[in-house]
Amino acid sequence: MDLIRDVLDNQLVDRNQHKIGKADGIILELRDNQPPRLAYIEVGMPTLMGRLHPRLQRWIIALEQKWGAKHSEPLRIPWSKVLDVGIDVDVDLEGEATTALTWEKWLRENVISKIPGGG
Amino acid sequence: MKRLRIIIFGFLWLPTLLTACSRPSSADEVKKELQTINSWATTAHMVGEAWRKGNVPTPYAKTTLQKAQKELHKEADTLEKKASGKEQEILLKHLQNLDQLISQISKAVEQKDYNAIAQPLQELATEEQAVSALAKASEQP
Amino acid sequence: MNKILMIALGILTSIGGFLDVGAIATAAEAGSEFGYQLIWAILLGTICVIFLVEMSGRLAAASKHTLADAIRERFGISFYIIPLIAEVFVDFLVLAAEIGGVCIALQLVTGISFQWWALPVAFAIWILLWKGTLGLIENGISTLGLITLVFVFATFKLHPSLTQLGAGILPTLPREDVTHYLFIAVSILGALISPYLFYFYSSGAVEDKWDEEYIGVNRMIAGVGMGFGSIVSLGVLIVAALVLHPKGIQVDSYEQAALMLTETFGYWGFILFAASLGIACFGAALEVSLDTAYIVAQTFGWNWGESLHPKEAARFSLVYTVFVFLASLLMLVGIDPLQLTLFSMAITTLTLPPVILPFLVLMNDKSYVGEYRNGWITNSVLIFTIALAFILAIVAIPLEIIGG
Amino acid sequence: MASREVHLELLLGKEVLDSTGQEIGRLEEVQAKQSGEDWVIYEYLVGPAARLERLSAWALGLAILRLFGAHKVRRGYKGYRVPWDQLDLTNPEKLRLNCSLDELKTISEKLEAED
């Protein structure tokens, strides 16, 4: 499996084929005298921004902490939850139950539902 | 907002501005001016004519005539700023005439006076011809 | 669904989407200033856009991925960020210009200044996006968009000389005003090869659940639909060349362009011009707003879909909501709509290389398009288009300064 | 020693030096395979795309190179296949091989021959 081509930046879909984000980062676990193990896939704006510039990452964390849902922690999906790596990455999770959708839910409840026709 | 646009413009195009310093010659400039004057004078004419035939709504005719006048004023201003010469004076005189005629047409439109518009429209046509004759003359070196 | 009906619907859909404020403005300006001489630019732009739209649709049908998804996944965020930022910025300018086009159309008819219309128009766009479905937007707007055919009818009524028309097919340089001529040529190409079309079209295809069966349909829609839109643009250019050019009227504002149909159709000509401008721009404004929401949502992997209820795609719906109202502010403060249109067309050409270049890779990558990879003809046209995009991007700014 | 975490996405495109400090290319791709319950890394691809990255069109340039030069870039034509135990990831800012360039060449060719 080619991690950069097939996993990094690919769409993550949950058990119900709902989009929960993109594979913004891949975390390896280094071990002594053993090959590095694939530990997690990371999903979140800070992870993504960190790849562009560390300062962007700090800004986005500060912004996400201060406003709205006040949540900036990226979601870590253990590699054992990965079901299939095709064009999309299928994971054995319930999207709504994870923190990947914290902002989506916050906006839904606090902004969208307040606009007429959005409830 | 205008300032922002200028900043954006400047930021994007500073390098090219520095390299592209070719200025159009003054003969070209005069010709461009004559073209613009002719374009707006003809626009005013066409609007007046279309209004007379009932082809355009009155509010549109009013605002467009105002716009034509404004554009012609702009041309007159740039012309005045430049060193005076005989040609400039002739052109300024024409611009004054055009301005007056368009004012008359505007007034007729405002009062919905379909009879009063015929005369200035005709005179406008004569002025246009004079301007385009000047434009043609400026093409000869 | 019956295949013929599907094709017919698809073609209808693309007609409304093709013609927008940029196409009308640049064609009117070209015809009024240079007669038929710039017909070649419309034809060239049409060929490029047909091929690119066909590829966007084929990518979506074969890989079930939108263009934005595919670019980020294939090239990673550090490349994708370039076309993304470029596209959002251009969308913003173009959306403001489209809103401006609708406002001007309303000003022409009512006499009330376009600035006053900015917020009502933005609200109308937003409510359609908020409440409507993709089908309603695609089919409704493009059916109404058939009104733009008035320019084609006017062309026939004016009996243009075919030999002179034919002379415009081959590119030639004018004797004077060369830089201005080239600037308009670049603007026409920027107006026709609009990046938002590719992202929007591929997103629409994914939302409509296209699969391999649609490859043929897609080809028809891209070819006939886009070609049809180009005929309307040509109509605008020819009518402007026949009516305004001989009088020496150069289109510097929409008020002047509005006169082009009055001699042929009288009062109705004026109304039809306003209606064509208003409807084409309104349709394009809907597409550009959606396009922005699509690409932002696809960048971050959010749930997206115009046919979803806003609460099912909260972040997606919020993006277009904010975007539409922000863009309308540019009109509210009174920036000249025609100048903004021409400006955004020139900026569009700057963004073309990073948007078009990825096609070359994606459309030849088996893991995305499988057996539906580009053949040598499509690849040749694509490489030509990429070369053209680079040339346009390089010359656009110097030309804007000297000739615009 | 306790296990350590590394962000793979941040290593992508980073310069790789051999044990003598000579630059050999940039990290392009990482390959993983299943090993029991886990997925582990077994090979890195270090490629020559160094110059293109400046234009930040690194990935795109690479892809176009592959398009025209078929799979040569990937198959070690100018890049190298590095087994997991030859690349030291402990300092993500400084990716270093545990061997010299010459040794790597031999290893890379051997891997190629095995395929």
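**Entry 1: chain C against chain A**

I looked up the contact between chain C and chain A, which takes 21 residues from chain C and 23 residues from chain A. I note that I am working from a predicted model. On the chain C side, I find that helix H4 (67-75), helix H5 (77-110), helix H6 (114-131) and helix H16 (314-332) each supply at least two residues. H16(C) gives the most to this side, with four residues. I then sorted the chain C side that touches chain A by class and got eight nonpolar, seven polar and six charged residues.

**Entry 2: chain A overall**

I went through the elements of chain A next and listed four helices and seven strands. Read from the N terminus, their order is α-β-β-β-β-α-α-β-β-β-α. I put the C-alpha atoms of chain A in a box along the principal axes, and the box is roughly 60 × 35 × 20 Å. Chain A has 119 residues, and 45% of them count as buried. I also looked at contacts in chain A between residues at least 6 apart in sequence; 45% of these join residues at least 24 apart.

**Entry 3: the sheet in chain A**

I traced an open sheet of four strands in chain A, in the order S2-S1-S7-S6, with mixed pairing. Strand S2 (19-22) and strand S6 (82-85) of chain A are at the edges with a single partner strand each, so one side of each has no neighbour in the sheet. From one strand to the next, the twist averages 25°. I checked one pair inside this order: strand S1 (residues 11-13) and strand S7 (residues 89-91) of chain A pair in the parallel sense over two bridges. In that pair I see Val13(A) opposite Asp90(A) of S7(A).

**Entry 4: chain A against chain D**

I turned to chain D and found 23 of its residues in contact with 21 residues of chain A. On the chain A side, helix H1 (3-7), strand S3 (25-31) and strand S4 (34-43) each supply at least two residues. S3(A) has the largest share of this side, seven residues. By class, I count 13 nonpolar, one polar and seven charged residues on the side of chain A that touches chain D. I then followed S3(A) across to chain D, where four bridges join S3(A) to strand S1 (residues 4-7) of chain D and the two run antiparallel. Leu30(A) stands opposite Arg4(D) in S1(D).

**Entry 5: helix H2 of chain A**

How many of the eight residues of helix H2 (residues 45-52) of chain A are buried? I find six, which leaves the helix mostly covered. The buried residues in H2(A) are Pro46(A), Thr47(A), Leu48(A), Met49(A), Gly50(A) and Arg51(A). I looked for what covers them and found S3, S4 and helix H3 (54-66) of chain A among the elements, along with H5 of chain C and helix H1 (8-11) of chain D.

**Entry 6: a helix pair in chain C**

The crossing of H3(C) past H10(C) is right-handed. From H3(C), I list Ala41(C), Ile42(C), Leu44(C), Gly45(C), Thr46(C) and Val49(C), which meet Ala185(C), Ile188(C), Leu189(C) and Leu192(C) in H10(C). By class, this contact of H3(C) with H10(C) has eight nonpolar, two polar and no charged residues.

Methods:
Residues are numbered from 1 along each chain as its sequence is written. Chains are lettered from A and ligands numbered from 1 in the order in which they are written. This is a predicted model: local features need pLDDT of at least 70, side-chain atom pairs count only at pLDDT 80 or more; totals for chains, interfaces and linings use all residues. Two residues are in contact if their C-beta atoms, placed from the backbone, lie within 7 Å. Ala, Val, Leu, Ile, Met, Phe, Trp, Tyr, Cys and Pro count as nonpolar, Asp, Glu, Lys and Arg as charged, and the others, Gly among them, as polar. Two strands pair if DSSP finds at least two bridges between them. Axes are lines fitted to C-alpha atoms, for helices over the stretch in contact, and angles run from 0 to 180 degrees between N-to-C directions. A residue is buried if 20 or more other C-beta atoms lie within 10 Å of its own, exposed if 12 or fewer, and partly exposed in between; C-beta atoms are placed from the backbone. A crossing is left-handed if the near helix is turned anticlockwise from the far one by less than a right angle, and right-handed if clockwise.
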